[in-house]
Amino acid sequence: MLGYILRRIAVAFVLLWILSVITFVIYLKVPADPAGFLVDMQHASPAQIAKAHHILGTDKPAVVQYGHYVWRLLHGDFGVSWPTVVFFNGVVQGAPVGQMVWKAALVTASLVLGAFVLLLLVAVPLGTYAATRPRSFVDRLTLGLSVAAISTHPLVVGLLLQLFVGNKWKLFPASGYCTVSHPSAASIDAWKRFAPTGVPEPCGGIGAWADHLVLPWITFALFFVALYMRIVRARMLEVLDEPFIRTARAKGASELRVIRSHALRNAIAPVVTMTAMDAGMAIGIAMYIETVFGLPGLGRTLIRALAGFQGYDLPVILAVTLAAAAAIIFLNLVADLVLLALDPTVARRGGRGAFRVLGRAA
Amino acid sequence: MVAEAQYFEEQSELARPRGEWALAWQRLKRDRVAVGCGIFLVFLLFAVGPGAPLYGKIVGHGPNDFFPYAVSVGLRPAGPFTVTWATPEIAGDDPFALKHPAPPQGTPKTLLLLGADSQLGRDEFLRILYGGRVSLEVAVGAALVAILIGVTLGSLAGYFGGWVDAIVSRFTDLVMAFPLLLFLVMIGSLFTHGIQDWTLHGLFNQGVIELVLIIGAFTWFYPARLVRGQIQSLRHREFVDAAQMVGARDSRIMRTHLLPHVIPPLLAYGTLLIATNIMIEVGVTFLGAGIKLPTASWGSLLAQTWGSILNPNPFNPATTQPWLTLCPSIAIFLAVFALNQFGEGLREATDPRTVR
């Protein structure tokens, strides 16, 4: 048991290491010269460019650079965002990427976690209801809806919701994000003085936060709800056939009690672990939704870093990739451990494979 | 006597066991949803293939022609069923005019079935047809690439097992755990300056081959896993032993004895993969890493009203035309839905486990 847990953790670390190598290779191979952010490449002399390379540390051999890269990662230093880099008093300064990515990760987390709660609140009751009445009208309706939902692009749902519910009918804010905590007086003051027109006033508070996330949550949940509903339904049908359900009924337990305490409890465990396995897809879908609704999450940060006018903001791109993949590795590890807690025999059978996503394309 | 011979002939005709494909076809015909979707797909293929230039000929313009008369003075593109003046420039230059002045005498009119696509006033319907062609080219091409790689590596892994299998399987596990879309968008933006212009002498639009290769390179894991599983389960059956005993080489066993078993599920899976790829193309292009304007694709048509990540168009009830979001949305939905349902039907029809 302990050996199994340790092995899983070791696998997670190996994957993180492989990931750091992959991101570093991307960093090396991308046709973008970071010196361009420090000096004007069109007019700078070769000596100036060489100096810029020296300051950024990009003139050293790849292995040394990789060593620095890993060393800095281990210290939680993701470097500085290139477009903000300034060379001042002999040190390179700029917006630290670690903070940017952390803030973005919080936004993505509030989108994904909120949507998953909504998703489970809809999928579990509906799936259970459909399972208790197979071939009923509700069952057919949920089947039809799920078939349609699987074929609907999240971008389509997001754009239509934004256009009609958000912009035309003005039921919910159509875009933007509000932090959970209230903005500081200083930031509002800074907004009044310096913000260009069109930048919305910084907002905050639980109410505003939830209000701005309603449409993104619905969009996100709609994509997955169909799938989870069908899985809950299938699992419930399986479990309802088990002998212990018959026993519970024979003892005279009410139907509600049979469903709630006997069947659902057994049916829902694999669903919960599946949420972790879907994390990779969830981050992809979150990228669409963040883009459409203007949420400053990981996906939008990545796309902005890729689409910048000045060139690629590589430290941000790498940090987002690393953060997203690390989150997925972590969630899979947690899922493995939860599965282990639910069913100790997986340790002997070798588990479901630390990183096996069910055969579904994103 | 003659009648008797004829009778037996008929009998033997009836008694002849029908082949696997005939059975599958028979089952498929019974599935009304799948048949409907299949007919729709044939119609769709015709519409985006020869249909698009044909329609362009009928109405007399191309997908990139401008019709400023289809855009109101307030810059709102016209809605469906618009008949507009077929001229690329507006007569008169009064900036305070409340209506466009009429064009000179003798200007022909033309029909925009779904209205104008943007402030440029191009034919939305024609762009959806041509965009569908680009999207389907990407989707089908990427599915073919993925299946080609997947079949090769999957059958090698399934047949030989051992370290080949270990490498392919671990690699598959590794890549499948990572956010595919994130990588697609990243690679699509970072590494494709060379291959973006590949068009095979103008056969495809710019960016199509790039997307085909990238999407294919990141989605072959699923077909590889499918083929590997199938081959592994067939690997130690008697007919393989028999073939080995009569001295067939590994390559021959794989090609003529094992791969035919894999084709039916692959066909069904390929259809589903095309549907997924359409979704991926739409997403990647929407996020700015796929097909570049002015080439229409379903992704860029969907992004038309919304704008782009660096300058999203603000919503303005006076200029925003909801049809421009609705029309590509419906097109994407119908295509993906039909492909999904047809693939499902195909899977059920070719699966030998279903009741004959």
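This short talk walks through the predicted model of a complex with chains A and B.

Since we are looking at a predicted model, local features need pLDDT of at least 70 and side-chain atom pairs count only at pLDDT 80 or more, whereas totals for chains, interfaces and linings use all residues.

Let me start with confidence. The predictor gives an ipTM of 0.85 and a pTM of 0.86 for the complex. In chain B the mean pLDDT, that is, the predictor's confidence in each residue on a scale from 0 to 100, is 81, and 88% of the residues of chain B reach 70 or more. Among the elements of chain B, the lowest mean pLDDT, 60, belongs to helix α1 (residues 2-15), and the highest, 90, to helix α4 (residues 124-160).

Turning to the chains themselves, chain A comes to 14 helices and two strands, where helices are DSSP runs of H or I with at least four residues, strands are runs of E with at least two, and both are numbered from the N terminus. Chain B has 12 helices and two strands, and along its sequence the pattern reads α-α-α-β-β-α-α-α-α-α-α-α-α-α. Of the 362 residues in chain A, 36% are buried, and of the 356 residues of chain B, 42% are; here buried means 20 or more other C-beta atoms within 10 Å of the residue's own, exposed means 12 or fewer, and partly exposed lies in between, with C-beta atoms placed from the backbone. If we take contacts between residues at least 6 apart in sequence, a contact being two C-beta atoms, placed from the backbone, within 7 Å, then 70% of those in chain A join residues at least 24 apart, and in chain B the figure is 74%.

Now to where the chains meet. The contact takes 39 residues from chain A and 38 residues from chain B. On the side of chain A, the elements that give two or more residues are α5 (137-150), α6 (154-168), α11 (279-293), α12 and α13 (314-342). That side divides into 26 nonpolar, 11 polar and two charged residues, counting Ala, Val, Leu, Ile, Met, Phe, Trp, Tyr, Cys and Pro as nonpolar, Asp, Glu, Lys and Arg as charged, and the others, Gly among them, as polar.

Eight of its 10 residues are buried, so α12(A) is largely enclosed by the rest of the structure; among the buried ones are A:R300, A:I303 and A:L306. The axes of α4(A) (residues 97-132) and α12(A) (residues 298-307) come within 7 Å and cross at roughly 135°, the axes being lines fitted to C-alpha atoms, for helices over the stretch in contact, with angles running from 0 to 180 degrees between N-to-C directions. The two helices are therefore oblique to each other, as angles under 35 degrees count as roughly parallel, over 145 as roughly antiparallel, 65 to 115 as roughly perpendicular and the rest as oblique. In this contact A:M100, A:A104, A:A105 and A:T108 of α4(A) meet A:L298, A:G299 and A:T301 of α12(A), and by class it has four nonpolar, three polar and no charged residues.

What touches A:I317, leaving out residues up to four places away in sequence? The answer is A:L302, A:A305, A:L306, A:Y312 and, from the other chain, B:M186. A:I317 also belongs to the largest nonpolar core, of 173 residues, in which A:I317, B:L184 and B:V185 touch the most other members; such a core is a set of buried Ala, Val, Leu, Ile, Met, Phe, Trp, Tyr and Cys residues joined through C-beta atoms within 7 Å. The largest share of this core, 18 residues, comes from α4(B).

Finally, two backbone details. Most residues other than glycine have a negative phi. A:R135, in the loop between α4 and α5 of chain A, has a positive phi of about 70° and is exposed, with 9 other C-beta atoms within 10 Å. A:K170, in the loop between α6 and α7 (185-194) of chain A, has a positive phi of about 55° and also counts as exposed, with 9 C-beta neighbours inside 10 Å.

Notes: Residues are numbered from 1 along each chain as its sequence is written. Chains are lettered from A and ligands numbered from 1 in the order in which they are written.
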